[in-house]
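This note sets out some points on helix packing and strand pairing. Please read it beside the model.

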Amino acid sequence: MSKRIIIDPITRIEGHMAIEAVVDDGVVKDAKSAGTLFRGFEIILQGRDPRDANRLTQRICGVCPTSHATASALCTDDAFGLTDKAPDNAKLIRAIVLGANFLQSHILHFYHLAALDYVDAVGALGGLSPFVPRYEGDYRISGKANAELVSHYVQALDIRRKCQEMLSIFGGKMPHNVGIVPGGVTEKPTEDKITNFLWRLNEIRDFVDNVYIPDVIAVAQNYDDYFGIGKGCGRLLTYGGFDLPTGRLFKAGVVSQDLKPEPFAKENITEDVTHSWYADSSSGKNPAQGETKPQLDKKEAYSFLKSPRYKGQVAELGPLARMVNNYVQGDAKVKELVDSLLGQLGAGAEALFSVLGRHGARALEAKFVGDAMVDWLCALKPAEPVIVEHKIPEESEGVGLTEAPRGSVGHWMTIKGKKIDRYQVITPTAWNASPKDDKGQPGAVEQAIIGTKVRDKDNPFELVRIVRAFDPCLACSVHLLDAKRNELGVFKAV
Amino acid sequence: MVTKKYPVVWLQGAGCTGCSVSVLNAVSPKIQNLLLDEVVPGHQLNLIFHATIMGGQGEPVIEVLKDTEKDRKGGYILVVEGAIPTAQEGLYGSIGERDGKHLTIEKSVAELGANALLTIAIGTCAAYGGIPAAKPNPTNCKGVKELFAEKGIGTTVVNLPGCPLHPEWFTGTVSVILFSGLDAVQLDNVGRPKLFYGQLIHENCPRRADFDKGKFAEKLGDAGCLYKLGCKGHYTNADCAIRQWNNGVSWCIKAGSPCLGCVEPEFPDGTSPMYEKVTFEDLK
């Protein structure tokens, strides 16, 4: 007999999310992921000064604001005709600020969002709030090893804080930095700031090398069945990001399980809305022409997330996508990191498409980005400019594509009469947590859940471990509105 | 000495989690001290609900809210982060499922607020509506105090605005309450503790000398007072200039950015366009 497992709220993610899984004979047959908050950022942005988009869109998400700041700055640069004019210092400082927040976000994600599914906090600290209530049963690490992991949970609170302190040297403050602006950045790279940043970064890199990566390996060794759980759609997409004077750190591309790279073109992105609460007339559009027209009397819809697709196909975004794309495009450092980890774990490349593959890729990416930041800091030129002067055009269009800790993010803007006429954002979680599309293909998280064997329906560890491995960020998913069951029938179109 | 414990329920509404992340950045005390230790001798917080960090999920954590409201009436502190969407009977935002129905942010804040010892509205969204309530306010978002007034809820609300708030505005307010009691928290006319929001940015700004000498930055990245570039420091009430951000590393104006006025009730509509000058004449 089929049973319905509802987990609402899904906690230890960013934002408001619910999961519904239909389980038949212990196996998930169907799944729905839904967000439970809608704010309407794209509607709020209409009619505003285009420069303010950078400050406002950052506030979409307090965990990855710098990614929205970067996407918005690239988008505004494009619309203002500044893409080729931003000074090298500006490119480097934007990348350094974004990189610092990658480190913060990845460490926060592993220790403070995901780890409590694997590490027995209660065993080490006792039954304290907020660690109880919790799922019981499948905690496989005990004694000294467990106590050490719990102590790293506490240590990681300091380390992630220090990432934000480091970031604010150039960003001014965190969350919501003020340094990234259209045309460049506001803060100058003096020698004392560069040295100060480097020494803070050294402490973080030491933690990544000697604590974070070993802890991910320890978890993987104790939960090695999770190399075979949560495979997902098997198609990895990245827009590319970290635009440096010498090129991009992360290459754009699409790669499937055959590990053959395909080039990426933004024109191939469309958003379906058949299963979303938007008018069907807006289905299948590229975000440059995208519309956000709520329509709530649609029977087949169950989410206000649209369904972004690439050439009509489902794709997964995030650290795994970035690392695999760089790997298959011949990035020597990434290849060395990934091969070394797989070797230590005795796993093949196919194991990357899994819950543990996602955690492993994220940890390696923290090392890859953190190490690269040293070079960026050393390339800064203290006496040279950080920003280029600019004017708001009467009419224009822009696109800004970059990477957020949890996957690619894109901003699209149209300016009319020097004001924002249209602003569209597609976030990584919109891709990963999307509902079924026009062809009925489930989204990436839904596909990762479907087919999973649930051992204990009262403590469905498998489901939350799969969902959290994607590092969902629901506040980012700006179109989102709760869309569970038939209660949406009570909505009136707004 | 017996430790006095204060249960804390932290609800997230229409927001970005940025205020939670900012509180994670607290230094003295650190977040681990807030979670595990006596914040001041003899007094300890007991965070029983916070969706971003709590161990559990699903129905059991919603039960925690039910039990809190019933069993600890008048004995817990409610912290609200994010605005409260009220359009469509609150269905634009829900924090979970209860008894087969959406538990909306509006309903949970009202229910838990009515029985709380006090409510702390953390960040500009919870205090005054903030960005989700910006024009055209698609989901009819409100701040906590406005919601309480409409529903006849008399619980004291302390506003700690900021986008996000400074972590010490939270730990400092908690300290005043634990050491000296709620009555010792002196609020200004928009519900903010005067201890943190009692002076203008302009009064303590390190670029004040530039303002007085008429040395103004003409474009971003220039030295000088940022008044002509849209700085809102001359009517923004907060101690950022003295306290600075992220463990004293920097803050907006130090990094060459105008103050956005993010602690003010009119943020962001009344402080936009953000990079356009607001004169002293305009303020009259």
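1. In β15 of chain A, Q424(A) is the bridge partner of W412(A). Helices (H or I, at least four residues) and strands (E, at least two) are DSSP runs, numbered from the N terminus. Two strands pair if DSSP finds at least two bridges between them.

2. The model is predicted: local features need pLDDT of at least 70, side-chain atom pairs count only at pLDDT 80 or more, and totals for chains, interfaces and linings use all residues. Residues are numbered from 1 along each chain as its sequence is written, and chains are lettered from A and ligands numbered from 1 in the order in which they are written.

3. Strand β14 (residues 407-416) of chain A pairs with β15(A) in the antiparallel sense over 7 bridges. Both belong to an open sheet of 3 strands in chain A, ordered β13-β14-β15, with antiparallel pairing. Its edge strands, β13 (395-404) and β15 (419-426) of chain A, each pair on one side only.

4. Helix α4 (residues 88-114) and helix α10 (residues 355-379), both of chain A, pack at about 155° with their axes 9 Å apart. Axes are lines fitted to C-alpha atoms, for helices over the stretch in contact, and angles run from 0 to 180 degrees between N-to-C directions. The angle therefore makes α4(A) roughly antiparallel to α10(A) (angles over 145 degrees count as such).

5. Residues of α4(A) that meet α10(A) include L92(A), F102(A) and F110(A); contact requires C-beta atoms, placed from the backbone, to lie within 7 Å.

Conventions:
Angles under 35 degrees count as roughly parallel, over 145 as roughly antiparallel, 65 to 115 as roughly perpendicular and the rest as oblique. Two residues are in contact if their C-beta atoms, placed from the backbone, lie within 7 Å.
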